[in-house]
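Biologist: Let's go through this model. I want each label set against its definition.

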Amino acid sequence: MHTIASNKLAQLFILLKKQGYAVIAPALRDAAIIYDEVETPSDLPVGWTDAQSPGSYRLKKREDDAYFGYAVGPHSWKKVVLPPRMKLWAARREEKGFTISDTTEAPRKLALIGVRACELYAMAIQDTVFIKGDYVDPFYKAQREKLFIVAVNCAQAAETCFCVSMKTGPKAETAYDLALTEVIENKRHYFVAEAGSRRGAAVLAALSTAIARPAEKTAARQVIRKTAASIKRTLDTDGLKTLLYENLAHPRWNDVAERCLTCGNCTMVCPTCFCTTVEEITDLTGDHSEHWRRWDSCFTMDFSFIHGEGSVRSSNKSRYRQWMTHKLASWHDQFGSSGCVGCGRCITWCPPGIDITEEVKAIRKNPA
Ligand code: SF4
Ligand code: SF4
């Protein structure tokens, strides 16, 4: 392990850019911390934090100049490998037939800075869906291979986080190139850095670092321990799949249906939700057609529309039940893991503040 002084963090950005990476990191936009292309560490939300609770997200000033003193926001890294809108191909009418052009964007070398532990798990879940199954998504795979991942161990959790229950955080365990823990103590501000790959080790070796002393390693461990201890929200996953399968007619689904707006926010912000639809766009001449893929949500009526039948899940109740049961139960059958990593986004960004952990508790309390 090495230490990087906080005022040397810029070296990491410069080095990655020299290696041809565009740097994507947390940034302040429209009163939220999102992920965007940045140039230097001063573009990060330095000295800001977020106050989150069910249905509420507010930025607040911190008392220090932490670079990563906040939890996850409305964006997730899925937007990098699975863009919200993507032109797949276009067709132009020629004198004899059509010319088809493949307009899929070329993947770029991207360095993702500030990836949290739960987000690494979410990326691994999406890898299972898009790379490890029978049908490989070529853009996802190509873009995934061009990522350099700088994880950041959480020094601050949101009130909506429950990664400890899901065993996905707050410490980054695998699948990163570099992992940083930000330490601010006794007027010192530094990062304890650990390489997780050969590429990461080479980058670390090229920075101005020092070998981490035992006290600095202990301080970094303390940061993570303190964060874990601050996470009070829990989700009991013991026997959860069976519990949900056996309670498809539970009255709680009616209760949640009265609160759910079926807005789909929860699916948009969720780092593992992956459903998309395709749309055809034509011009009035009929000479030109484009084929776009965009994120879709199981909360829309169209999502389960079957020709001749209509929408299979026509009620709010059936749509919420489908989403939650897929996340926490049938995902295990389909992909071999939970579909939830406990990031808490769906709780924060749900307008009426519906809380997946509370819904499970209600069913568990009074099962069928
Ligand atoms: S659970 Fe909340 S965020 Fe999800 S669709 Fe219902 S109202 Fe929208
Ligand atoms: S279901 Fe909610 S808490 Fe779980 S990963 Fe998705 S957004 Fe995060």
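Modeller: First, a term: a residue is near a molecule or strand if its C-beta atom, placed from the backbone, lies within 6 Å of it. This is a predicted model, where local features need pLDDT of at least 70, side-chain atom pairs count only at pLDDT 80 or more, and totals for chains, interfaces and linings use all residues. Residues are numbered from 1 along each chain as its sequence is written, and chains are lettered from A and ligands numbered from 1 in the order in which they are written.

Biologist: Which residues come nearest to ligand 2?

Modeller: Cys270, Cys340, Cys343, Arg345 and Cys346, out of the 13 residues around ligand 2.

Biologist: What makes up the shell around ligand 2 by class?

Modeller: The shell has 8 nonpolar, 3 polar and 2 charged residues. Ala, Val, Leu, Ile, Met, Phe, Trp, Tyr, Cys and Pro count as nonpolar; Asp, Glu, Lys and Arg as charged; the others, Gly among them, as polar.

Biologist: How do you know that the span of helix 3 agrees with its number of residues?

Modeller: Helices (H or I, at least four residues) and strands (E, at least two) are DSSP runs, numbered from the N terminus. The expected span is 1.5 Å times one less than the number of residues. Helix 3, residues 117–130, has 14 residues and should span 20 Å; its end C-alpha atoms are 20 Å apart, so the two agree.

Biologist: Why is helix 3 called mostly covered?

Modeller: Because 10 of its 14 residues are buried (20 or more other C-beta atoms within 10 Å of a residue's own; exposed is 12 or fewer, partly exposed in between; C-beta atoms are placed from the backbone). Among them are Cys118, Leu120, Tyr121 and Phe130.

Biologist: What do the buried residues of helix 3 pack against?

Modeller: Their partners include helix 2 (78–81), strand 8 (110–115) and helix 11 (316–335). Contact here puts C-beta atoms, placed from the backbone, within 7 Å.

Biologist: What makes strand 1 and strand 11 a pair?

Modeller: Pairing takes at least two DSSP bridges between two strands. Strand 1 (residues 2–5) and strand 11 (residues 188–195) have 4, and run antiparallel. Ile4 has Phe191 as its bridge partner in strand 11. Strand 12 (residues 210–211) also pairs with strand 1, through 2 bridges, antiparallel. There, Thr3 is partnered by Ala210.

Biologist: Which domains does the assignment give?

Modeller: Domain 1 (2–230) and domain 2 (240–363); such bounds come from an automatic or database domain assignment. The contact takes 37 residues from domain 1 and 32 residues from domain 2.

Notes: Contact = placed C-beta atoms within 7 Å.
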